[in-house]
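Welcome! Please take a moment to look over the sequence and the 3D structure shown here before reading on.

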Amino acid sequence: IRKVSFERISAFSLSTTPGPACDDFPFRIAVFKGEMKGKPAKAAIFNHPGSDSPVRTKSFFRAESASLLWSPLGNGLLVKTETSVDVTGGSYYGEAQVYLLRADTDYDCKIVVKKEGSFQDVAWSPKGREFVVIAGKMPSLAVLFNLKGDAVFQFSEAHRNTILWSPHGRFLCLGGFGNLSGDMDFWDINKKAIMGSAKATCAVDFSWSPDGRHFMTASLSPRMKVDNGITIYTYYGEKVLEKKYTELYAAKWRPYLLDVYPDRPQSPSLKDRTKSETKTNAAEKKTFVAYRPPGATSSRVADMMRAERAGSGPKKMAPTGPVMSKAAKRKERKKLAEAAKAALTPPAPGHDMSLQQQSESQYSDKDKTLRKLKKQLKQIAEIEKKKLVGTELNEQQLGKLEKKAELEREFAELSS
């Protein structure tokens with residue numbers, strides 16, 4: 001049994017711990033008292049087990065009442081202070097401020113949002129390392145903060161006043177309920193991206209399913225006398241169930257322990273699945289054509305085979321020779337023309353064909369020898385140039401230089 005002494009307590013809250021309470025992980029008790037007769041409001045944190053003195057205190061001005069929100073890890077406390085009258089005249093509903101107090105360190109700060117207006121809602125992530133606030137005049141601004149009170153992400157401005165985290169803290173719903181039209185945005189906090197949107201008019205109650213995959217809104221009596229019922233959405237904003245009742249007083253998910261359902265990322269949406277199925281069906285309907293090599297551009301043989309199989313057309317295929325290039329065809333035509341000309345030209349009287357053929361053979365051999373000698377002399381000239389620039393020559397190159405005089409003499413004899 002523990003007794004905490006604190007005068008004029010108007011609000012208190014108990015934290016949770018990862019395990020049994022001990023000196024390293026104590027239970028923490030937060031208490032608050034409002035301002036009175038010019039004295040500021042004050043919040044204090046006590047440890048249990050621990051001493052009777054508070055471990056943290058914080059004073060506030062313009063704070064008649066407060067809501068105390070512990071982080072799930074018990075290391076941070078959000079204090080949302082409120083007044084019934086806004087001294088600046090900016091709101092008919094009073095003024096609200098949010099402060100962060102760290103229970104494990106001597107640190108506190110005021111949460112500031114860059115939009116004029118009061119705070120609509122504030123909520124910790126189930127992971128305990130971040131929280132979201134909605135503040136400002138409509139369209140309001142939602143901002144994600146870390147445990148140091150630093151803004152790490154700013155959501156788009158919209159008419160929203162309610163924050164709802166999924167059980168695992170992966171997804172977030174920002175809704176505009178009550179006096180707003182019921183618009184909802186579903187966010188993936190890990191990706192910092194919106195997944196989908198939906199609208200639930202006249203919603204009185206709203207909550208995530210234990211697996212974090214669905215979101216339910218309910219229109220309940222006696223707040224709503226007509227159109228009672230529930231509607232279930234996916235986190236993409238897709239409506240999967242709608243059920244109406246004459247009178248409905250409560251709608252709750254069946255409770256489960258957190259570790260029953262694993263923390264899973266988002267699945268493909270219905271829109272993405274439809275696109276994928278359309279692409280798959282188009283791929284299945286695609287007709288495949290047999291491979292044809294680049295050179296086989298003509299379908300004459302295939303057409304003849306199909307005609308023969310059908311019982312029409314020629315029964316035998318004409319032999320086909322190799323395809324000749326244009327240059328080869330010109331060369332072949334030239335040879336045929338020269339042969340025809342030689343056959344039509346009569347030999348001269350007394351001319352011996354055998355001597356003519358022998359002479360042509362000799363001249364042919366002589367030309368070949370001259371070309372060979374000319375090539376060798378050209379190689380020797382290149383070697384001499386290398387020698388002049390100081391390049392070291394091998395034995396084969398030196399041997400060619402020694403034969404230069406002999407090759408020049410032989411070339412001169414054949415050229416005469």
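What follows is a short tour of this structure, grouped by topic.

This is a predicted model, in which local features need pLDDT of at least 70, side-chain atom pairs count only at pLDDT 80 or more, and totals for chains, interfaces and linings use all residues. Residues are numbered from 1 along each chain as its sequence is written, and side-chain values use heavy atoms, with hydrogens and water left out.

**The chain as a whole**

- The protein chain has 6 helices and 20 strands; helices (H or I, at least four residues) and strands (E, at least two) are DSSP runs, numbered from the N terminus.
- Of the 416 residues in the protein chain, 33% count as buried, where buried means under 20% relative accessible area, exposed means over 50%, and partly exposed is in between, with a 1.4 Å probe and protein chains only.
- Among contacts between residues at least 6 apart in sequence, 41% join residues at least 24 apart; a contact means heavy atoms within 4.5 Å.

**A four-stranded sheet**

- An open sheet of 4 strands runs in the order S9-S10-S11-S12, with antiparallel pairing; two strands pair if DSSP finds at least two bridges between them.
- Strand S9 (119-124) and strand S12 (151-154) are at the edges with a single partner strand each, so one side of each has no neighbour in the sheet.
- From one strand to the next, the twist averages 20°, with axes being lines fitted to C-alpha atoms and angles running from 0 to 180 degrees between N-to-C directions.
- Strand S10 (residues 130-135) and strand S11 (residues 141-146) form an antiparallel pair over 6 bridges.
- Val 133 has Val 143 in S11 as its bridge partner.
- In the loop between S10 and S11 you will find Pro 139, and the peptide bond from Met 138 to Pro 139 is cis, with omega near -5°.

**Cavities**

- There are 2 cavities of 30 Å³ or more; on a 1 Å grid over the protein atoms alone, a cavity is a set of points where a 1.4 Å probe fits but cannot get out, and lining residues have an atom within 4 Å of a point.
- The largest cavity holds about 60 Å³ of space, a volume being the space filled by probe spheres set on the grid points, which are joined across faces, edges and corners.
- Residues lining the largest cavity include Ile 134, Leu 141, Phe 155 and Trp 187, and the elements giving two or more residues to this lining are S11 and strand S15 (183-188).
- By class, the lining of the largest cavity has 7 nonpolar, 2 polar and 3 charged residues; Ala, Val, Leu, Ile, Met, Phe, Trp, Tyr, Cys and Pro count as nonpolar, Asp, Glu, Lys and Arg as charged, and the others, Gly among them, as polar.
- The second largest cavity has a volume of about 40 Å³, and among the residues that line it are His 168, Arg 170, Asp 211 and Arg 264.
- The lining of the second largest cavity has 2 nonpolar, 3 polar and 5 charged residues.

**Backbone details in loops**

- Most residues other than glycine have a negative phi, and most peptide bonds are trans.
- The peptide bond from Ser 221 to Pro 222 is cis, with omega near 10°, and Pro 222 is in the loop between strand S18 (214-219) and strand S19 (228-234).
- Arg 62 is not a glycine, yet has a positive phi of about 55°; Arg 62 lies in the loop between strand S4 (56-60) and strand S5 (65-70).
- Cys 202 also has a positive phi, near 60°, and lies in the loop between strand S16 (193-199) and strand S17 (205-208).
- Arg 62 counts as partly exposed at 42% relative accessibility, and Cys 202 counts as partly exposed at 43%.

Terms used:
1 Å grid on protein atoms, 1.4 Å probe; cavity = no way out; pocket = protein on both sides within 12 Å on 5 of 7 lines; lining within 4 Å.
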